[in-house]
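Trainee: Hi! Could you walk me through this one?

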Amino acid sequence: MAVSIMHRVTGNGMATAGALGLVWWLMAAAMGPEAYAIFVACATSPIGYLVMAGLSWFFFQHLCSGLRHLVLDMGAGYELKSNKSWSLLTFALSTLLTIGFWAAICTGKF
């Protein structure tokens, strides 16, 4: 149940925060260099990086949960033990993918 609820939360969070970020970025780009510099300063601040890391975790959590739901829609994985294992794995895998993603960005390999 928690994975299903988190799937909805992450989808809505990405849609809301992603849309607001995209609109802010486009408006800053359209308004000129000063406005864009303010956007870049906010996006590269510690809070900006925290928001971006959170959004990337939301993305990977939503992706892993969506793949889990795809498997369930095919009729597999309904056994209690395997369902619980896959549920816990979505949280662990999304965290590992987020760490790997940001490690690649911070080391310049992305």
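Trainee: Okay, what does Ser87 touch, leaving aside its neighbours within four places in sequence?
Mentor: Ser87 is in contact with Val3 and Arg68, once those neighbours are left aside. Contact here means heavy atoms within 4.5 Å.

Trainee: Is Ser87 buried or exposed?
Mentor: Ser87 is buried, with a relative accessible area of 14%. Buried stands for under 20% relative accessible area, exposed for over 50%, and partly exposed for in between, using a 1.4 Å probe and protein chains only.

Trainee: And where does Ser87 lie?
Mentor: In helix H4, which covers residues 80–106. Helices (H or I, at least four residues) and strands (E, at least two) are DSSP runs, numbered from the N terminus.

Trainee: What kind of model are we looking at?
Mentor: This is a predicted model, where local features need pLDDT of at least 70, side-chain atom pairs count only at pLDDT 80 or more, and totals for chains, interfaces and linings use all residues. Residues are numbered from 1 along each chain as its sequence is written, and side-chain values use heavy atoms, with hydrogens and water left out.

Trainee: Good to know. How many helices and strands does the protein have?
Mentor: Four helices and zero strands. From the N terminus on, the order reads α-α-α-α. The radius of gyration is 17 Å, well over the 13 Å that the globule rule gives for 110 residues, so the protein is more spread out than a compact globule. That radius is taken over C-alpha atoms, and the globule rule is 2.2 Å times the number of residues to the power 0.38.

Trainee: What does the C-alpha trace span along its principal axes?
Mentor: About 55 × 30 × 20 Å. Of the 110 residues, 23% count as buried.

Trainee: Let's go back to serines. Which helix holds Ser65?
Mentor: Ser65 is found in helix H3. At 0% relative accessibility, Ser65 counts as buried. Leaving aside neighbours within four places in sequence, Ser65 is in contact with Val3, His7 and Thr90.

Trainee: How far apart are Ser65 and Thr90 in sequence and in space?
Mentor: They are 25 residues apart in sequence and 6.0 Å apart in space, C-alpha to C-alpha. Across the whole protein, residues 24 or more positions apart account for 71% of the contacts with a separation of 6 or more.

Trainee: What about His62, what does it touch?
Mentor: Not counting residues up to four places away in sequence, His62 touches His7, Thr10, Gly11 and Met14. His62 lies in helix H3 and is partly exposed, with a relative accessible area of 24%.

Trainee: Where is Cys42, and what is it in contact with?
Mentor: Cys42 is found in helix H2, residues 33–43. Leaving aside neighbours within four places in sequence, Cys42 is in contact with Trp24 and Gly48. The C-alpha atoms of Cys42 and Ser82 are separated by 43 Å, and the two residues are 40 apart along the chain.

Trainee: Last one: which residues make the nonpolar surface patch?
Mentor: Phe59, Leu63, Leu67, Leu70, Val71 and Met74 make a patch of about 570 Å². Like charges are joined within 9 Å, and nonpolar side chains (Val, Leu, Ile, Met, Phe, Trp, Tyr) within 5 Å. Val71 has its place in helix H3, residues 46–73, and is partly exposed at 38% relative accessible area.

Methods. Patches are made of residues with over 30% relative accessible area and no salt bridge: like charges are joined within 9 Å, nonpolar side chains (Val, Leu, Ile, Met, Phe, Trp, Tyr) within 5 Å. Accessible areas come from the Shrake-Rupley method with a 1.4 Å probe; for residues, only the protein chains shown count as cover. A salt bridge is a side-chain nitrogen of Lys or Arg within 4 Å of a carboxyl oxygen of Asp or Glu.
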